[in-house]
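Thanks for making the time this morning. I would like to walk you through one model, starting with how its parts meet and then turning to a single chain.

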2 protein chains.
Amino acid sequence: MENFDFKNATEIIFGRDTEKFVGSKVKEYSKSKRILFCYGGGSIKKSGLYDRVVKSLKENEIEFIELSGIKPNPRLEPVKEGIKICRENNIKFILSVGGGSAADTAKAIGVGVPYDGDVWDFYSGKAEVKESLPVGVVITLPATGTEASNSSVIMNEDGWYKKGLNTVLIRPAFSIMNPELTFTIPVYQTACGAADIMAHIMERYFTNVKHVDLTDRLCEAALRTVINNAPIVLKEPKNYDARAEIMWTGTIAHNDSLSTGRIGDWASHKIEHELSGETDIAHGAGLAIVFPAWMKYVYKHDINRFVQFAVRVWDVDLSYNSPEDIALEGIRRLTAFFKSMGLPTSLKEGNIPEDKIEEMADKCTDNDTNTVGQFVKIGKGDIVKILNLAK
Amino acid sequence: MENFDFKNATEIIFGRDTEKFVGSKVKEYSKSKRILFCYGGGSIKKSGLYDRVVKSLKENEIEFIELSGIKPNPRLEPVKEGIKICRENNIKFILSVGGGSAADTAKAIGVGVPYDGDVWDFYSGKAEVKESLPVGVVITLPATGTEASNSSVIMNEDGWYKKGLNTVLIRPAFSIMNPELTFTIPVYQTACGAADIMAHIMERYFTNVKHVDLTDRLCEAALRTVINNAPIVLKEPKNYDARAEIMWTGTIAHNDSLSTGRIGDWASHKIEHELSGETDIAHGAGLAIVFPAWMKYVYKHDINRFVQFAVRVWDVDLSYNSPEDIALEGIRRLTAFFKSMGLPTSLKEGNIPEDKIEEMADKCTDNDTNTVGQFVKIGKGDIVKILNLAK
């Protein structure tokens, strides 16, 4: 186990009707009476969530300025707009209501407001975050784990670069999670969310750090929970219990408790960012394409770990001919599981143009000058091979 | 799953040599330059830990007043002394170095200082905690989980009442955890710690709340980690990797992440408090006596849950004659595991006088006016029967 420093102070308010607490929680954590209220499209208005949030804010005498229309694969433009609004109105708190895109936008605004330079500096790695406005989240999509994560992913329209920022300073102050709010997520998006959650766990699972028994087992527990409950929510979208399991697992998957003492990989996420940067494919669908291909490319690096994954997560029987066969059967079952949820598992199925492979590999490695991944360090040539395995 | 509110902001600094950060962490979290420094006996002086802590405090210009001699099953007297010292010296931060007793004492002092009445009011349930001084912990004994828990257990010498206080306000600001500091824990105390950790998980595991798939699996993962690693540390006290697994599992077991959305039982803990209140038996040893007896008494309340425990935690084969047989085999394996670590599993082996059963059952239920436990509510008569099963 590696030495580690772990702190996650996000308050989670989880369960039925919990959105009614949003006003009192904003009051508790905000240093200004006026806040920025970020959300996406019309879905929170159609569902009535918008009205309930506004009611709770008003009951607590919170004034708000709206920043709406945040899109999936959230863009830099609204981030800059939000920063401007906050500065002009002396706003010290940002509330996001919706999916990961609204929350990631709120986080980006939070670090941008107190910073003199261009907020993109944090995403491009040019500058380091020193402070952030507090952010509160009402999350309606279990997927990105952003509700308790140290992550924000933003797309720069100038060149369509999608980059992630990681710093504990952007963990939300609170996150409100009501599984009922996820009942209306369409089947495909539900499946994408499940794949994203599994990917967050698997990025942590595949590590070179030895003697990580507890966190291995916690990761396996979380993966099995998704594997058990995702098929239920796909069939029964209003099954509260299964929705709750998926939703809470989505948070645990990415709140960094599962990666304490480990060094995760994250190559698949970085490669996927190029897929969704290129084509606007849903992040979870992109991961369902990339992860199995990445596994097929790297499994020989640590057969034992892939055998453990196959046996403990997928119940692969030990009676196969060889450790390699067991490992490959685990990867096959993961792929079959993604397929069973209706997700693409190849570039073709995901409508990713094969002639963009080279360009995506270039972008992902800053024109072949960097590598991605920690479990196995992967360069441009490797990415080309992985994406060819994913054809 | 039940609705829940979860927040655990304790910063964990985990790994080799991490005690060197104590001074800078105190500086970060303390509002006074002078602090109270609580510890137990001479073991931290013998090991050199005391000197390393003092060095780090001095390097960070932290002044300290010492409160030493804190004993296992920590008493109320030093708590009151600590409160007096803090008030007289305008101290705003308490550091504990050592095992759970020093930390629980520090937590009690923390809530006592800003309170006008008798600090015991919080433990007896007469008053509710409104605020606490921040507490920092360097933990040397993986067992109580106090390093990130909302708990403090104190013994009132006046009547030998041992009571627990639970409030999120007493979670430590930070906890420093170096598994190397646990190398010198004697075998018996190591085993007691492992039993305590398992008990914290099992108290959470046995719940009437349905659909708690993720947290069930996380609990099972944590239990299996102890079951795998405790025998290693008993044989190889200086095995860093296994010590690290036990130590981190001890924290996860009691930081409340495993009980999100669940209602735990806690009858066994309350019964055990009477055993250690009566005889000063180590808490973990008392739990090894009480828990199997409690299980034998209550398993019929939810056979399925005990079957799940037997199969998933203890690998009991499903081919037994009946669910009841599977459940009982799980309890038998737990008992055998405690025995294999050299722990007592009966009152006799623990030198608990049988003629005190009645008195302990009385104390535990406030003279037969209260029940304990949530999974099954247990009165005085039940406790007498459980302790008789433990003879």
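**The interface, then chain A**

When chain B and chain A are put together, about 3400 Å² of area is buried between them, and carbon and sulfur atoms give 54% of that area. Within what chain B buries against chain A, Met1(B), Leu214(B) and Trp248(B) supply 19%, which is more than any other three residues. Counted by residues, the contact involves 38 from chain B and 38 from chain A. Please keep in mind throughout that this is a predicted model.

How does the radius of gyration of chain A relate to that of a compact globule? For 391 residues such a globule would be near 21 Å, and chain A, at 20 Å, agrees with that. Along the principal axes, the C-alpha atoms of chain A fill a box of roughly 65 × 45 × 40 Å.

As for the interior, 64% of the 391 residues in chain A are buried, and, of the contacts in chain A with a separation of 6 or more, 76% are between residues 24 or more positions apart.

How values were computed:
Residues numbered from 1 in each chain as written. Chains lettered and ligands numbered in written order. Predicted model: local features only at pLDDT ≥ 70, side-chain atom pairs only at ≥ 80, totals over all residues. Heavy atoms only, no water. Rg over C-alpha atoms; globule rule 2.2 N^0.38 Å. Buried < 20%, exposed > 50% of the residue type's maximum accessible area, 1.4 Å probe, protein only. Contact = heavy atoms within 4.5 Å. Buried area = accessible area lost by both parts, 1.4 Å probe.
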